[in-house]
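Please consult the sequence and the structure shown here alongside the text.

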Amino acid sequence: MSDPQRTRPTRTRTTDPRSVDVVPVTTLLPTPPPTSTEPVTLVADQATRQPYRAPHPTTPRPVTTSIPILRADASGIAQVRAYEDAPSTSTVAVPVIDIAAYTRSVLDLTMRLAEVIFASGAGAEDATAAMLALTRAYGLRGTEANITHTIITLTHEDQSTHESISRSRDVKYRTLNYAKLTATSELIADLINEPTDVAEARKRLASIVSSKPQVKLLYRRVGWSLVGAGAAALIGGGPIVVLAAFVAAFVIDLLTTALDKRRVPLFYQTVAGGAIGPLFAAFVPLVDPTATPSLVVVATIIMLLAGVTTFGAVHDTLSGFYLTGTARLIEALLITGGLVAGVAGSSLVLARFGLDLRITADVSPTLGILAIQLVAAVIIVVGFALGTQVPWRAFWVVCLLGAVAEAIYLGASNSGFGLVWSSGVAAMGAGLLAAVGARIVRTPPLVIVVCALVPLVPGLALFRGLLQMSDGDINGLLNLLTAGAIAVALAASAILAQLIVQYVWGPGRRLQRRFVGPLMALPVRLSRRAGPGPRM
């Protein structure tokens with residue numbers, strides 16, 4: 001029988017210095033110093049249980065200080081990265097950060113930035129690229145971004161826990177505001193290069209959104225009037241026709257702005273705008289019997305088509321965003337249908353009162369002197385730049401490229417290339433030169449290309465098709481298809497030019513790994529060097 005007082009012999013513990021002991025977090029907190037002056041002796045087992053952190057699997061390192069709780073901002077992430085990059089023998093404290101709060105703040109900032117550029121005229125591909133680049137710059141991996149027409153979606157999945165955080169926004173109203181687009185794209189570029197505190201970045205974005213318009217409303221309205229007047233001069237109108245087109249465009253912008261403030265659907269806005277042109281065209285023969293009133297209607301159509309999102313629709317479609325591109329194409333067709341209804345309805349009402357507009361489908365532009373055509377193109381570009389608030393530093397570039405595009409178009413059309421191919425060649429030339437101009441004036445290429453191509457809007461072909469279709473002539477359908485082909489040729493050629501520039505000059509090959517088309521609303525760095533190069 002065993003002795004109850006007999007105890008089992010204690011095995012001597014051999015401590016392996018390579019072993020890893022899991023220490024609770026509470027043991028890492030600092031302990032108050034002893035109150036007595038007697039020396040403190042540590043037990044051998046306590047000495048071997050010194051807590052340490054092992055970020056690298058092969059080399060553990062001890063921790064001798066407490067755990068700091070960092071803020072969910074860029075400075076906190078910087079401290080985490082500094083700890084991870086520190087040598088394995090360092091005794092820096094293990095940093096702890098609220099990852100969920102930081103992720104939510106970064107996603108919210110990214111969504112707001114993408115919403116601003118998308119609502120100001122950028123394409124779906126540019127907004128998606130901006131979201132992915134921003135989240136990656138702020139340290140978030142595994143982020144997915146997508147845009148479907150007006151819905152912006154951003155999702156981040158934590159690779160360790162597989163938990164997802166999603167954000168979405170609905171961009172209901174889109175207006176061309178190139179000043180806000182340029183300022184926001186510059187902010188995005190700065191944040192990608194040097195991520196700052198999220199709160200500070202939101203303050204900078206709020207200052208951009210809440211800033212006063214670069215151009216006052218009256219001058220923007222005058223700008224759209226200049227588009228109508230320049231279009232009338234471009235297609236051969238005299239002084240009376242140009243003046244009538246200027247006044248008609250001013251009234252159209254005044255009316256459509258008032259309807260937009262009352263949330264009237266876009267279709268009815270274009271119906272009302274299309275009805276204004278024939279009303280002013282009816283009084284042109286009373287002042288000048290030799291004038292052609294049809295030119296006033298064509299000028300107002302060009303003015304209304306200048307703000308149509310045809311370029312963005314083609315860009316989104318060619319870039320792989322088929323739903324978004326198709327929806328924007330339907331929006332462009334809706335605007336065109338409103339123009340058809342407005343012009344036809346106004347003409348019928350005036351005919352009831354005995355006012356003959358003498359609008360025929362045989363209106364042909366008078367080329368005249370080349371200088372007059374180029375001046376008219378510059379007037380159109382200046383008016384459009386005022387209406388869309390192009391940055392002041394880019395005015396001279398868009399005017400120059402507008403004149404160059406018009407000269408190329410006139411030269412190609414007189415050489416027998418046809419309307420569609422002449423438009424495509426002119427857009428290709430303007431797109432190639434826009435890459436150089438964008439670097440000079442530090443403006444996104446989208447702003448310069450769209451402004452330069454406004455004088456080439458197919459308003460005359462569309463007008464011919466509308467009149468022939470209203471008379472039951474099947475040739476009107478061919479003219480409508482020609483107008484659509486011209487619009488697609490303008491956008492596709494300009495996008496191809498930007499793709500060639502970005503592919504040859506620098507980042508195109510890297511961008512094509514993730515995106516299909518070129519980035520046109522973001523300041524892309526064009527350089528073959530590993531470091532940062534000049535920004536476009």
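## Basis and confidence

The model is predicted: local features are described only at pLDDT of at least 70 and side-chain atom pairs only at pLDDT 80 or more, while totals for chains, interfaces and linings use all residues. Residues are numbered from 1 along each chain as its sequence is written, and side-chain values use heavy atoms, with hydrogens and water left out.

The pLDDT is the predictor's confidence in each residue, from 0 to 100. Its mean for the protein chain is 77, and 74% of the residues reach 70 or more. Over residues 9-31 the pLDDT is below 50, and this stretch has 15 contacts in the model beyond near neighbours in sequence; a contact means heavy atoms within 4.5 Å. Residues 35-70 also have pLDDT under 50. For that stretch the model has 66 contacts beyond four places in sequence.

## The chain as a whole

The protein chain has 20 helices and seven strands. These are DSSP runs numbered from the N terminus, with helices (H or I) of at least four residues and strands (E) of at least two.

Of the 536 residues, 46% count as buried; buried means under 20% relative accessible area, exposed over 50% and partly exposed in between, with a 1.4 Å probe and protein chains only. The accessible surface comes to about 27300 Å², of which 62% belongs to carbon and sulfur atoms. This area comes from the Shrake-Rupley method with a 1.4 Å probe. Among contacts with a separation of 6 or more, 69% join residues 24 or more positions apart.

## The sheet β5-β6-β7

Three strands form an open antiparallel sheet in the order β5-β6-β7. Its edge strands, β5 (143-148) and β7 (164-170), each pair on one side only; two strands pair if DSSP finds at least two bridges between them. Neighbouring strands are turned by 10° against each other on average, direction ignored. Helix α3 (residues 99-119) packs on the sheet and touches β5, β6 and β7, its direction making about 25° with that of β7. Axes are lines fitted to C-alpha atoms, for helices over the stretch in contact, and angles run from 0 to 180 degrees between N-to-C directions.

Six bridges join β5 to β6, and threonine 143 stands opposite histidine 156 in β6. Strand β6 (residues 151-157) pairs with β7 over seven bridges, with leucine 154 opposite arginine 167 in β7. In the hairpin of β6 and β7, with six residues between the strands, histidine 162 takes a positive phi near 60°.

## Aromatic pairs

The whole structure holds three aromatic pairs. Rings of Phe, Tyr and Trp (its six-membered ring) pair if their centres lie within 6.5 Å; planes under 30 degrees apart count as stacked, over 60 as edge-to-face and the rest as tilted. Phenylalanine 267 and tyrosine 268 form an edge-to-face pair, 5.4 Å centre to centre with 80° between the planes. Phenylalanine 267 is partly exposed, at 26% relative accessible area, and tyrosine 268 is exposed, at 51%.
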